[in-house]
Amino acid sequence: MEFKYDVIVIGAGHAGCEAAAAAANLGSKTCLITMDMNKIAQMSCNPAVGGIAKGQIVREIDALGGYMGLVTDRTAIQFRMLNRSKGPAMWSPRAQCDRGKFIWAWREILENIPNLHIWQDTVEELIIENGEVTGLITCWGVTFRAKCIVLTAGTFLNGLMHIGHKMLAGGRCAEPASYHLTESITRHGITAGRMKTGTPVRIDARSVHFDLMETQDGENDFHRFSFISEPRQLKQLQCWTCFTNEEVHEVLRSGLADSPLFNGQIQSIGPRYCPSIETKIVTFPDKPQHQLFLEPEGETTRELYLNGFSSSLPMDIQIEALKKIPCFRDLVIYRPGYAIEYDYFDPTQLKHTLESKVVKNLFFAGQVNGTTGYEEAGGQGIIAGINAHINCHGGEPFVLGRDEAYIGVLIDDLVTKGVDEPYRMFTSRAEYRILLRQDDADMRLTERAYQLGLVKQNRYDWLCRKREEINRIVEFAKTYSIKADKINDALESLGTARLTHGCKLIELISRPQITIENIAPHVPAFQHLLEQIEVRKDEIIEAAEVLIKYKGYIDRERMIADKIHRLESIRIKGKFDYMSLQSLSTEARQKLIKIDPETLAQASRIPGISPSDINVLLVLLGR
C-alpha cells in the first residue's frame, strides 16, 4: 500500500462520513481513518436524526448529494414531521432509527465509493511543515501523506467520562479516547478548549410497564428525509412518554453532592438546550415534573433510550430515582447515563470553508468545532470535504450563504461569533427561515451541487422535472378562472366563505381552509392536471401549495436578503489595519482583529460590532 492521499479524514462519525464521501465522489483519492470500522456513523446518544431545524439540515445534506438522509430513510423505525401546527418554515422532519442498521448502511455506502479507502487506526500526531499540514502519524507507527486533512474527532480528543465520582478515560462508552492529537495541533497556534455533553440510561424493555405510559405514534405519509429515497423499509414502531414527579426530584437532589456537574469535578460547559435531569431540577426548582420520552434503539432489540433523562449522577441514584416513576417501578437497565468531557477548537480560527486560518489545508468539522448533534456535524462534514477536494484540485471555495441554507447559518455563526457552549441549531437562529424550508432544500442547493459535480445527471434531471411540475401547478392556479355559481356549494362544504363574483383559482388556494387536495375534485381541469403527475405527486403538490399560500412572505424575505447581499459583496479582508482605526471602539478593533472578517456583512454579525462601527468602515471605503 502507498499511504499517500489527496484527502485524509480523521474520524468516521457523521461529519467524517459526509466529508470522506464528498471528497471521494468529487474525485479526490481519499482515506477515512477510524478507531473501529464497526462503529462508523455511530449514534452515540439518541439513535434519532432530525428535529427542529436539524431536520432541515439533513434535507440540505441530501440536496447537496450527501448520504445522511438516505441512510436515515433506509433505517427509520419511526418518522414524524414536527411543528405541523405552525407554518411551513417551522416544519421539521425527525426519525427514530435502528442504531445497528444505521451503522451498516453507512459502511456499505462508504465501502463502495470509488477513490475511498478506510483505515482502522488511531491518529496521534499531525505533520505540519511551514504552516501547512502534510500528513499524520498513527499509533501503529504508520505515516500518511496528504494534500489536505479533515479532522472530525467528535468527543474523542482527551475524552473523559463521568458517573458520580467515578471517572474513566474514553471517547464514548466502551471506546478509548484519543491522546496527543490535540497537543500536536495546539503547538502550532490553534486554540483549544473543553466542553461537556451527556447521555441517558439505557433500559431493558422487559422491565417497563408500558400500560402506564402514553403512546406516541409515528406518521406513515409520503414525507421522507431524502428527495430520492424509496419508502421506509423497516417496521414502524411506537414511542412512549411519561413524567418525573416530586419523589423522583427528591432522590435526585439527594445525590447532587456527588454530581460531577455540581461538585466541581466537571469544569467545562454543557449543552444549554439538552440539559441533564439534575440541571433541570436545579434550574427549574418549582417545576413539579419533566416529560420523558422512551424510544426504541432498533427494530428488534429490547434496548430503549430514555430521552430527557441525561445524567452523570451516581448509578444508584439514577436507578433509585427512576423507580419512583410508576412505569419504571421494576426497572432493569443495560447501562447508566454518563457525562463526557472532550477537547474542541475555537471555530473563529476557521474560514467559511472550514479550513484553518492558522494551518493551511487543515479542515475542522463536527463537535471539534464546538457544536452538538449529528446533523450539525454532517452539515459541516460535507462542506469541509467539498473544500478539501477543491484545495487539492483547484476551483472556487464552496460557501453557503445565510439565505441559502441552515448549513450556511451554522458555519457563519461558528466562524463569526464563536462558541462558549455546545452550539445547537434552531429555526430562530436563521433570519431567513421562510426561505430555508425543509420542502425546498433541493430547489435551493441541488443545482449548485450539480455544477460542482457532486450531484449526478439523473438527479439533476429529476430536479428539473420536479421544478417544471411545481411551476405548472402554480401557473395553472394563477390563470384559471373560477365562477362563483359553479364553486360556492363546494366552498361552503369546505368551511370557507362563498364567492360574490368570479376569481382566479390561486385566490381560493390561498385561503386557510382550502388545500390543493380538497379543492381539486371540484375543479375538473385542475384535477386532470394533478393526475398527470407520475412520480412523488404528494411532495410536488405540497411544495406548490407552500409557494402559493406563503408567496407574500417568501417574496418579502427574499427582498430583505437581497438587500443584505450588498454588504456581502463588500470585501474588507486585508484592507484595514484595525488597530490604527481610532474612530472604532476598542472592542470593535479587538473583535475585528480576532475574526478578520471576509466581508462587511460578516463584520456586522460579530458580537460587539455596532452599526456605527460599520458606518465608519463604509466611510473609509469611500461608500
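In this predicted model, the contact between helices α3 and α4 is formed on one side by Met-68, Val-71, Thr-72, Arg-74 and Thr-75 of α3, which meet Lys-101, Phe-102, Ala-105, Trp-106, Glu-108 and Ile-109 of α4. Sorted by class, the residues of this contact comprise six that are nonpolar, two that are polar and three that are charged. Helix α3 spans residues 68–75 and helix α4 spans residues 99–111, and the two pack at an angle of about 135° with their axes 9 Å apart. Because of this angle, α3 is described as oblique to α4, and the crossing of the two helices is right-handed.

Within helix α3, attention may be given to Thr-72, which is one of the residues that meet α4. The relative accessible area of Thr-72 is 0%, and since buried residues are those under 20%, this residue is therefore classed as buried. When residues up to four places away in sequence are not counted, Thr-72 touches Val-49, Ala-95, Cys-97, Phe-102 and Phe-225, and Phe-102 is among the residues of α4 that take part in the contact with α3.

A further set of buried residues is found in helix α6, which covers residues 246–254 and in which Val-248, His-249, Val-251 and Leu-252 are buried. When α6 is viewed down its axis, these buried residues fall within an arc of 160°, and so they line one face of the helix. The elements that cover the buried residues of α6 include helix α7 (277–283), strand β16 (303–310) and helix α8 (315–322).

Terms used: Residues are numbered from 1 along each chain as its sequence is written. This is a predicted model: local features need pLDDT of at least 70, side-chain atom pairs count only at pLDDT 80 or more; totals for chains, interfaces and linings use all residues. Side-chain values use heavy atoms; hydrogens and water are left out. Axes are lines fitted to C-alpha atoms, for helices over the stretch in contact, and angles run from 0 to 180 degrees between N-to-C directions. Helices (H or I, at least four residues) and strands (E, at least two) are DSSP runs, numbered from the N terminus. Angles under 35 degrees count as roughly parallel, over 145 as roughly antiparallel, 65 to 115 as roughly perpendicular and the rest as oblique. A crossing is left-handed if the near helix is turned anticlockwise from the far one by less than a right angle, and right-handed if clockwise. Contact means heavy atoms within 4.5 Å. Ala, Val, Leu, Ile, Met, Phe, Trp, Tyr, Cys and Pro count as nonpolar, Asp, Glu, Lys and Arg as charged, and the others, Gly among them, as polar. Buried means under 20% relative accessible area, exposed over 50%, partly exposed in between (1.4 Å probe, protein chains only). The arc is that of the directions from the helix axis to the C-beta atoms.
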